[in-house]
Amino acid sequence: MGDLTGGGIGVVTARCWTVPPTEIPTMYVDAEAILAAVAAPGVDGQYAVTWTGPTATVSIKRSEIASGYACPTVYPTGTAPVFDAADAVYSVDRYLGRLAGIPVNPSDVEETYPLVCDGRQTWDALGIGVPTAPPLVQNPNILTGITSFDPDSVFVTGQNGIYTQVNADIIDASGAYQNRTFVLAVGGEGYCIGDIA
C-alpha cells in the first residue's frame, strides 16, 4: 500500500508485474477505498486472503503473499472479481515469456507464481461430463524448444463457460512459426492454463 499512496500508479505498475499493466490504473484508482478495506480484518480463504471494505474488496493470492510483495485484485464490494480477455492474454504472455527465456520479471517462475492449472480432476473443457486432470499437468512438456513468440499474435479466440481459448504464434529452435491454442480456465483467483493444442 505504501507504493500506491507514496509512489503512485507508476511505481505500482513497475512492481506489480503479475497484473496486466493495462488494468492497474483502473484497478488501483481509488487508494482510499483500498486502504479502508485493508483496515478491517482479512478473511483467510482456500487460495487467498480477502479484506472487505465499504466500497472495495481486496483479495491477495497466497502465492503472492509468500513472495513478499503482493499485488491484490481489487473489485467493488458485493460483486465477484472479473477476469477478462486482458487477463487471459497476459497469462499466456507470461507463460511463453518463461519458456522463451524472457520472463516479464526474473522472479516469474511457476513454483512461486503458478500459471498452470493444478492437478485436480476438474478439467472438462470439451464439456463431456468426465472431468480429468488438465492435460498440461499430465504432459508439462507439450511445448518444448520455444525460442520466442510474437506478443502481437496473442489474442482470445473463444470462450465457453469458464474456459477461454487464446491463440499465439511461437517460434521454435529451427525458426519455424507455429500457431498454438492455449485453453485456460478461470476461477475466483484468475486464469490458469490447462491445455495447449
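1. In this predicted model, Asn160 has Tyr163 of strand β6 as its bridge partner. The pair belongs to a hairpin made by β5 and β6, with two residues between the strands, and Gly161 in the turn has a positive phi of about 65 degrees. Strand β5 covers residues 146–160 and strand β6 residues 163–172; the two run antiparallel and are joined by nine bridges. Among the other facing pairs, Gly158 stands opposite Gln165 in β6.

2. How many of the six residues of strand β3 are buried? Five of them are, so that the strand, which spans residues 56–61, is mostly covered. Ala56 is found in this strand, and it counts as buried because its relative accessibility is 6%, below the 20% cut-off. Leaving aside residues up to four places away in sequence, Ala56 touches Ala33, Ile34, Ala37, Trp51, Val74, Tyr75 and Thr77. Ala56 and Ala185, by contrast, are 25 Å apart in space, C-alpha to C-alpha, and 129 residues apart in sequence.

3. The count of salt bridges comes to five. In one of them the side chains of Arg62 and Asp44 meet, with an N to O distance of 2.4 Å. This pair links distant parts of the chain, as Arg62 is in helix α5 (residues 62–67) and Asp44 is in strand β1 (residues 43–44), 18 residues apart. Arg62 counts as partly exposed because its relative accessibility is 38%, whereas Asp44, with a relative accessible area of 52%, is exposed.

4. Arg98 takes part in a salt bridge with Asp108, their side chains meeting at 2.6 Å, N to O. Asp108 lies in the loop between α6 and α7 and Arg98 in helix α6, so this pair ties together parts that are 10 residues apart in sequence. Both Asp108 and Arg98 are buried. Arg98 also forms a salt bridge with Glu110, the closest N and O atoms being 2.7 Å apart; Glu110 lies in the loop between α6 and α7, so this second pair ties together parts that are 12 residues apart in sequence. Glu110 counts as partly exposed at 26% relative accessibility, while Arg98, at 18%, counts as buried. Through shared partners, salt bridges join Arg94, Arg98, Asp108 and Glu110 into one network.

5. A last point concerns the surface, where Leu126, Ile128 and Val130 make a nonpolar patch of about 360 Å². Ile128 lies in the loop between α6 (85–99) and α7 (135–138), and it counts as exposed because its relative accessibility is 61%.

Conventions:
Residues are numbered from 1 along each chain as its sequence is written. This is a predicted model: local features need pLDDT of at least 70, side-chain atom pairs count only at pLDDT 80 or more; totals for chains, interfaces and linings use all residues. Side-chain values use heavy atoms; hydrogens and water are left out. Patches are made of residues with over 30% relative accessible area and no salt bridge: like charges are joined within 9 Å, nonpolar side chains (Val, Leu, Ile, Met, Phe, Trp, Tyr) within 5 Å. Accessible areas come from the Shrake-Rupley method with a 1.4 Å probe; for residues, only the protein chains shown count as cover. A salt bridge is a side-chain nitrogen of Lys or Arg within 4 Å of a carboxyl oxygen of Asp or Glu. Helices (H or I, at least four residues) and strands (E, at least two) are DSSP runs, numbered from the N terminus. Buried means under 20% relative accessible area, exposed over 50%, partly exposed in between (1.4 Å probe, protein chains only). Two strands pair if DSSP finds at least two bridges between them. Contact means heavy atoms within 4.5 Å.
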